[in-house]
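Here is a short walk through one structure. Take a look at it first, then read on.

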Amino acid sequence: MKKILVATGGGDCPGLNAVIRGIVKRASREEDWEVWGSYEALNGLMEEPTRLIRLDDKAVSGIHVLGGTIIGTTNKGNPMSYPEKQADGTIKLTNRIPWLVDRLKSHGFDAVINIGGDGSQAISQAMFEAGMPVVGVPKTIDNDLNSTDFTFGFQTAVQTASDSFDRLVTTASSHHRVMIMEVMGRNAGWIALYTAISGGAEICLIPEIPYDLSAVIRRIKSRYNNGRGFVNIVIAEGAHAKEGSITSTLGEEGRHAVRLGGVCFTLSQQLKEAGIEADIRETVLGHTQRGGTPVAFDRVIASVFGVKAMELVLDGKFGQLVVLQNNDFTSVPIKEAISAYNVVNPNGTLVKAAKGLGISFGD
Ligand code: F6P
């Protein structure tokens, strides 16, 4: 039998289980492949004793509707800069990729399918360059991976944010308040933009369009002057003002990316200081956007990504990332996908359409 190792890395995301199920179901149509999962990204393989699990049809039955990942995930223990404790107690970051590839081979693995965002795909590329046959699957609610129209998980996050936004609209209207809802997305404004259009926000603040506080204030005042009496704002966690960054970070050490969050409170304070008299309330949606069952669209693309990833393995096409491009499923070199971030184009169709709908970006 040939063996394939599946890992889910980085933040979790609705649709991870559907990908795992797609891989296993497609593999079980072959006679000579068996699928294994590594617990918490590749840590399950790197640890002694290993934490690996055989994934067969029974293990993945019905999991496509479940949130999270049955094999767990982590954004700690990156093998490209693995924290190793030294004799003197200090921590040294070492590149354990060559060691990892040897270990994969010595455990009899013929290929790896690595499901993850930009950080995980950088690891995929490093393993591939070190001689391991690897296929990647693009995961993240942020939709910030290059070369694919959508990552799986994004649509579910938008649905969750949009549902919450609708609820905030009715309470904003009842109390004549300004409601600020903060969504995730890291340095990309996709979740905020889609939610603002879906929900009909008055203001949408995203990292790609640094905003002018006075323009935000003008928009709020004009809503109250027109007698409408309430305002709903969507702000992306990575949004910042043109002058003087108000990006808020929760400053957690030992992470490959800065941890964002809390920018809605800073904006709220600034609006109060600028004389907005209406009550202002803040909501940070946080990890609700990452949890729960995937919406149908995410289940579909995640399932197809899983099948397609397994087929790339069967065809011996490695170093590739499965992607959705122009409504078709294909693949691109992982190297290409991680060469740039996919961020919102400030002059693109979506932003123009949002402006046409009357949404202000504070620019
Ligand atoms: O990349 C997904 C994401 O949810 C981002 O939107 C967010 O900034 C980050 O992960 C949060 O990470 P953690 O779950 O480690 O707090």
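Helices (H or I, at least four residues) and strands (E, at least two) are DSSP runs, numbered from the N terminus. The expected span of a helix is 1.5 Å times one less than its number of residues. This is a predicted model: local features need pLDDT of at least 70, side-chain atom pairs count only at pLDDT 80 or more, and totals for chains, interfaces and linings use all residues. Residues are numbered from 1 along each chain as its sequence is written, and side-chain values use heavy atoms, without hydrogens and water.

Start with helix α1, residues 16-27. Its 12 residues reach 17 Å from first C-alpha to last, close to the expected 16 Å. Buried means under 20% relative accessible area, exposed over 50%, partly exposed in between (1.4 Å probe, protein chains only). In α1, 11 of the 12 residues are buried, so the helix is largely enclosed by the rest of the structure. Among them are Leu-16, Ile-20 and Arg-26.

Now turn to the sheet. Strands pair if DSSP finds at least two bridges between them. Seven strands form an open sheet in the order β3-β2-β1-β6-β7-β12-β13, with mixed pairing. β3 and β13 (328-333) stand at the edges with a single partner strand each, so one side of each has no neighbour in the sheet. Five bridges join the parallel strands β6 and β7. Ile-115 stands opposite Val-137 in β7.

Last, the cysteines. A disulfide is a pair of cysteine sulfur atoms within 2.5 Å. The structure holds zero disulfides. For Cys-264, the nearest cysteine sulfur, that of Cys-204, is 14 Å away. Cys-264 is buried, with a relative accessible area of 0%.
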